Amino acid sequence: MSASQYRGQLERKRKQRVGAEKKAGEYRGKESKKRADAATARASAAKTKSDSTSRSKLREAERRDFEAAVAGKEAGRWQTKAAGYSKEEAALAGKLARAEASETNAAQQRRQREQQQADRRAQAQQAALEQRITQSETTVTSAVRELREPKPEKLRVLILGASSEGDLRVGREQKRIRAAVESALHRDLIELDVRPAATTADLLDGITKFRPHVVHFSGHSNETLIVFEDEKDEQHDGVIVSAEAFAAAIRATDDPPLLVVLNSCHSASQIDDLVDHVVPFAIGMADEIDDSDAINYAAQFYASVANGQSINSAHLAGQAALQLAGLDGADLPTLAWAEDVDPTAAVLVRPAP
């Protein structure tokens with residue numbers, strides 16, 4: 001992931017830690033107050049000459065002690081969470097530092113490559129000029145047949161949805177994507193193969209038969225695995241597929257996809273390997289993402305693609321849609337690409353001239 005993405009994660013983790021520490025402090029204050037109230041009640045019980053008043057004060061003291069114990073337990077729980085967030089914050093800070101160093105090094109290498117390319121172009125232009133100057137005056141005439149421009153190919157999008165336990169609204173997401181495409185400018189240039197309750201067989205069949213340019217998965221995942229469904233009618237635990245096995249399936253075709261979209265939690269950890277070895281572009285989620293955030297991002301992303309926007313612009317439009325809707329997950333969708341491609345120039349839907 002990029003340094004900016006790590007900064008976003010680090011800021012969210014810092015807010016979580018500060019919030020947890022604040023909660024812990026509030027409960028510690030509540031615990032102290034309840035302890036003091038209990039002590040006051042016991043002192044009153046000791047001073048009074050009325051047995052009934054004494055018993056009442058002692059019962060009040062016991063209630064305050066119990067409330068103090070509950071508050072203390074909550075304070076401890078929040079303090080533990082704060083410590084966990086602090087540890088994750090430190091880990092993210094380390095990753096950020098490494099990402100910044102890597103990006104600095106990559107920028108230097110990129111500048112060197114650009115200079116080398118400019119030098120080679122200048123040398124080639126000079127050689128071509130010299131060749132034209134020394135070329136003989138003999139004119140050779142040849143007839144070249146002018147071919148027609150090929151008809152643009154439809155963009156094929158394989159949409160796989162899996163929620164074996166029925167806790168995700170993958171059907172709603174697929175409906176929103178279809179509606180977004182059908183209302184777009186170039187809707188006739190996109191073909192969707194929508195597979196709800198997707199199994200691993202659907203993945204392989206879709207890759208080899210449909211030959212998609214885009215593979216979209218919505219469901220459950222984490223940093224190292226993806227969960228597909230099994231061939232069962234009732235709710236079940238699902239079929240766990242490793243990130244390596246998923247990548248192997250994507251790669252098992254003579255026409256590999258251009259883009260993989262993993263619209264599932266923590267999937268951004270998988271996309272770097274995908275763009276290094278399998279596809280030019282990949283999108284994943286940097287953390288847990290709510291259903292509504294995932295659905296809104298996907299709908300706007302494919303609407304922008306179908307309107308002829310680049311992959312990068314479609315990604316930015318999807319993030320903007322979440323911000324405009326007041327949702328919290330705008331910085332979670334993460335776009336990665338191979339070193340030899342440019343997401344700002346990659347337009348997946350381009351009508352014929």
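Helices (H or I, at least four residues) and strands (E, at least two) are DSSP runs, numbered from the N terminus. The structure is a predicted model, in which local features need pLDDT of at least 70, side-chain atom pairs count only at pLDDT 80 or more, and totals for chains, interfaces and linings use all residues. Residues are numbered from 1 along each chain as its sequence is written, and side-chain values use heavy atoms, with hydrogens and water left out.

**Loop residues**

Ala197 lies in the loop between β2 (190-195) and α4 (200-210). Although Ala197 is not a glycine, its phi is positive, at about 50 degrees. His266 sits in the loop between β7 (259-263) and α6 (268-277), and this non-glycine residue also has a positive phi, near 60 degrees. Ser163 is placed in the loop between β1 (155-161) and α3 (170-182).

The table gives relative accessibility; buried means under 20% relative accessible area, exposed over 50%, and partly exposed in between (1.4 Å probe, protein chains only).

| Residue | Relative accessibility | Class |
|---|---|---|
| Ser163 | 9% | buried |
| Ala197 | 40% | partly exposed |
| His266 | 21% | partly exposed |

A polar atom of the Ser163 side chain lies 3.2 Å from the backbone nitrogen of Asp167. Leaving out residues up to four places away in sequence, Ser163 touches Leu168, Val170 and Glu229; contact means heavy atoms within 4.5 Å.

**Nonpolar cores**

A nonpolar core is a set of buried Ala, Val, Leu, Ile, Met, Phe, Trp, Tyr and Cys residues joined through side-chain atoms within 4.5 Å. The largest one has 58 residues, of which Phe228, Phe246, Ile250 and Phe301 touch the most other members. Helix α7 (residues 291-306) supplies the largest share of this core, seven residues. Apart from it lies another core of six residues, including Leu10, Leu92, Leu96 and Ala99.

Neighbours within four places in sequence aside, Phe301 is in contact with Leu259, Val261, Ile283, Ile311, Ala314, His315 and Gly318.

**Helices α7 and α8**

The axes of α7 and helix α8 (residues 311-324) come within 8 Å and cross at roughly 145 degrees. Axes are lines fitted to C-alpha atoms, for helices over the stretch in contact, and angles run from 0 to 180 degrees between N-to-C directions. On the α7 side, the contact is made by Asp293, Asn296, Tyr297, Gln300, Phe301, Ser304 and Val305. On the α8 side, the residues are Ile311, Ala314, His315, Ala317, Gly318, Gln319, Ala321 and Leu322.

Terms used. Polar contact = N/O pair within 3.5 Å; in protein donor to acceptor, adjacent residues only side chain to side chain.
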